[in-house]
Amino acid sequence: MNKIVLITGATSGIGNACATVFAAAGYNIVITGRRKERLEKIKTTIESEYNIKVYTLCFDIQNKKEVFDAIESMPAEWKAIDTLINNAGLSLGRDSFDTADINDWEIMMNTNVNGLLYITKALLPHFIKEKKGHVINIGSIAGKEIYENGNIYCASKFAVDAISKSMRIDLLKYGIKVTAIHPGAVETEFSLVRFKGDVSKADAIYKGFKPLTAEDIANTIFYTATLPDHVCINEVIITCTQQAGTYYYHKNI
Ligand code: NDP
Ligand code: 8X3
């Protein structure tokens, strides 16, 4: 039986790249997101390219009931997840604390923090029963260093960092591995979402330097996911060569 990885937020960016990298290595994959058409298209493409199976789950990770129902709805053979990649997440706005939209804050906290907690809780009984499993949380360098106007996005990623550390300690007794991956700038739909569809603002973020690609992060995740059972990478902070922390870029302009 092939190993199974469940990737949240696989309809674009890092999650989508993970789907391809794990499929290419022979994993069966469960992909999730809200955009059903994209999930179906990715399933068709990957199944035609690789000799593996893809299972799609369409739900909003902010909704606790939808998350638990989706996991419950999977056939028994698909519930035998080996690796959970908690990737679904977003930033909304890059505004000063005083002017930022409180709805944006709620969506970020509900997605990046609560959503990650819901799906992890839904899958934990399986990992605990098996006395193994690997939870890989996608944090950010924004969860290591605050930057101006990053406020609640940073807070949500600081929470992912803290949650990853606490999971690693509390789940130690079950043999469950916990890894946190903290990327710097990765060119995906992230900035387009953050700036609510403003293409020029989104493009400006990646001007003057060569950012990481979704594949760079997927390959890093894959490396941490495929080490021997006794090896657990606790965390990885990864930036492109022209970035060193949230403030420092060496741009060609
Ligand atoms: P993308 O916008 O390309 O992908 C985000 C994914 O998250 C999509 O598949 C989206 O699916 C899913 N998602 C968002 N909200 C929800 C929701 N409410 N319910 C279910 N799924 C949701 O961005 P990235 O690939 O860049 O982001 C992936 C992760 O990496 C995020 O956690 C992000 O914070 C983190 N990260 C990104 C960095 C970057 O510079 N790009 C750097 C550091 C960390 P759908 O819309 O279909 O629901
Ligand atoms: C995304 C990286 O620096 O835009 O998490 O916050 S940053």
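Predicted model: local features only at pLDDT ≥ 70, side-chain atom pairs only at ≥ 80, totals over all residues.
Residues are numbered from 1 along each chain as its sequence is written, chains are lettered from A and ligands numbered from 1 in the order in which they are written, and side-chain values use heavy atoms, with hydrogens and water left out.

Two further polar contacts hold ligand 1 in the list. A backbone N or O atom of Asn-87 lies 2.8 Å from an oxygen atom of the ligand. The side chain of Tyr-153 places a polar atom 2.7 Å from an oxygen atom of ligand 1. The shell of ligand 1 has 29 residues. A residue belongs to such a shell if one of its heavy atoms lies within 4 Å of the molecule. The closest are Thr-11, Ser-12, Arg-34, Tyr-153 and Thr-188. Helices α1 (13-24) and α5 (151-170) each supply at least two residues of this shell. Helices (H or I, at least four residues) and strands (E, at least two) are DSSP runs, numbered from the N terminus. By class, the shell has 11 nonpolar, 13 polar and 5 charged residues. Here Ala, Val, Leu, Ile, Met, Phe, Trp, Tyr, Cys and Pro count as nonpolar, Asp, Glu, Lys and Arg as charged, and the others, Gly among them, as polar.Ligand 1 takes up the space of the largest pocket. Pockets and cavities were found on a 1 Å grid over the protein atoms alone. A cavity is a set of points where a 1.4 Å probe fits but cannot get out; a pocket is an open set with protein on both sides within 12 Å along at least five of seven lines; lining residues have an atom within 4 Å of a point. The largest pocket has a volume of about 1,000 Å³. A volume is the space filled by probe spheres set on the points, which are joined across faces, edges and corners. The lining comprises 47 residues, with Gly-89, Leu-90, Tyr-153, Thr-188 and Phe-190 nearest the centre. Two or more lining residues come from each of α1, β2 (28-33), α4, α5 and α6 (190-194). The largest share, 4 residues, belongs to α6. The lining has 20 nonpolar, 19 polar and 8 charged residues.

Ligand 2 also sits in the largest pocket; more than half of a molecule's atoms must lie within 2 Å of the grid points for this to count. A polar side-chain atom of Ser-140 lies 2.6 Å from an oxygen atom of ligand 2. For Tyr-147, a side-chain N or O atom is 2.6 Å from an oxygen atom of the ligand. Tyr-153 likewise has a side-chain N or O atom 2.6 Å from an oxygen atom of ligand 2. Taken alone, ligand 2 exposes 240 Å², of which the protein buries 86%.

The second largest pocket has a volume of about 240 Å³. Its lining includes Lys-3, Asp-82, Lys-132 and His-134. The lining divides into 2 nonpolar, 4 polar and 5 charged residues.

The count of cavities of 30 Å³ or more comes to 1. The largest cavity has a volume of about 60 Å³. Of its 15 lining residues, Leu-92, Gly-93, Asp-95, Met-108 and Asn-151 are closest to the centre. Helices α4 (102-130) and α5 give two or more residues to this lining.

Note on methods. Polar contact = N/O pair within 3.5 Å; in protein donor to acceptor, adjacent residues only side chain to side chain. Areas by Shrake-Rupley, 256 points an atom, 1.4 Å probe, with all protein chains shown as cover.
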